[in-house]
Amino acid sequence: MPELKIETIEMHTGGEPVRLVVGGFPEVPGPTILAKRRHAREHLDHLRRLLIFEPRGHYDMYGVIQVKPDRPDAHLAVLFIHNEGYSTMCGHAVIALGRWAVDSGLVPASEPETTVNIQCPCGLVRTKVEVRQGRAGAVRFESVPAFGFALDGRVEVPGMGAVTLDIGYGGAFYAILPAERLGVDVRRSSVRELTDAASRVTEAAKEQLPLAHPDDPDLAFLYGTILTDGGDGADRPSANICVFAEREVDRSPTGSGVTARMALQHARGQVRLGEERRFESVTGAIFTGRALREGRAGDFSAVTVEVGGRAHYTGRASFTLEPDDPLGAGFLLS
């Protein structure tokens, strides 16, 4: 058996890690990106655990695997990995990927802005990377069609009673509601309190609010819950915390979550095309959101949202596994 050696570029966006695999990962077969996602889940999950879990990662680690695009207009295609599995969209990772694609020369730099098309499991995401003196900077991306799936849905949450929330899609589905409805505050409560409250909502919503997506049933799952401060991000940044996958806490404002929040605001008539909103995470990082144009996603009225943010490098890594290491395949302490 050949020696395992997986090479990565380490980045973060708003404090949320991005472990970008650039070498040593086996080719992921499949005619479509969703087929590749299924193959990775069914046949290569031991490598996800190795990269994401301890001792190389941690409970809140996040990663990106490059695969071959099946769209001719994509510069690259990716799968997203985390503590529970494989997401369909990740805005913070897309922002990092846009910068890396220009800095690495994968996409030739063009000033003042370079377009990088990234095929994600949810669809093609177009990024615009600012370039100054040959160096990539801030990144904006255009979402796949985003929509409000359910407005003012009600779920019974054990220990909390009936809770009203919205379900929005921004490349992934989220339950979204003001934190005060759960008796917590996104600016004052502890991360543990917020995580517990959000996770209870996610589990209740998964059981009580069936989801459907017009493109593919593989997209129809609730990724997590976003608790907000109740603001709309117009006059000052609206604080939120996203708890996704298996109680994983996003350090960034959550790019697909910002997209979903903007789609819900647009559905309620709270934001017009061209208007910018700002969203703040638990680290104080800011993403911008702007509704660009209206459209359709199956039977849903949809909107294309532009999200902006910045990513930074933190290092490089070369990961190996010794055959006699009883813990090297990965473990988590919860």
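This is a predicted model: local features need pLDDT of at least 70, side-chain atom pairs count only at pLDDT 80 or more; totals for chains, interfaces and linings use all residues.
1. The structure holds 1 cavity of 30 Å³ or more, and the space in the largest cavity comes to about 70 Å³. Its lining is made up of 13 residues, of which Cys90, His92, Tyr174, Asp250 and Thr254 are the closest to the centre. Two elements, helix 3 (91–103) and helix 5, each give two or more residues to this lining. Sorted by class, the lining of the largest cavity has 6 nonpolar, 5 polar and 2 charged residues.

2. The second largest pocket has a volume of about 330 Å³, and among the 15 residues that line it, those closest to its centre are Asp166, Pro178, Gly230, Arg268 and Gln270. Strand 11 (173–178) and helix 5 (255–267) each supply at least two residues of that lining. In the second largest pocket the lining divides by class into 6 charged, 5 polar and 4 nonpolar residues.

3. A disulfide is a covalent bond between the sulfur atoms of two cysteines. With a cut-off of 2.5 Å between cysteine sulfur atoms, the count for this model comes to 0 disulfides. Cys120 is in no disulfide, and the nearest cysteine sulfur, which belongs to Cys122, is 5.1 Å away. Cys120 counts as buried, at 1% relative accessibility.

4. Cys242 is likewise in no disulfide, the nearest cysteine sulfur being that of Cys90, 9.5 Å away. Cys242 is buried, since its relative accessible area is 1%, where buried means under 20%.

Definitions and conventions
Residues are numbered from 1 along each chain as its sequence is written. Side-chain values use heavy atoms; hydrogens and water are left out. On a 1 Å grid over the protein atoms alone, a cavity is a set of points where a 1.4 Å probe fits but cannot get out, and a pocket is an open set with protein on both sides within 12 Å along at least five of seven lines; lining residues have an atom within 4 Å of a point. Grid points are joined across faces, edges and corners, and a volume is the space filled by probe spheres set on the points. Helices (H or I, at least four residues) and strands (E, at least two) are DSSP runs, numbered from the N terminus. Ala, Val, Leu, Ile, Met, Phe, Trp, Tyr, Cys and Pro count as nonpolar, Asp, Glu, Lys and Arg as charged, and the others, Gly among them, as polar. Buried means under 20% relative accessible area, exposed over 50%, partly exposed in between (1.4 Å probe, protein chains only).
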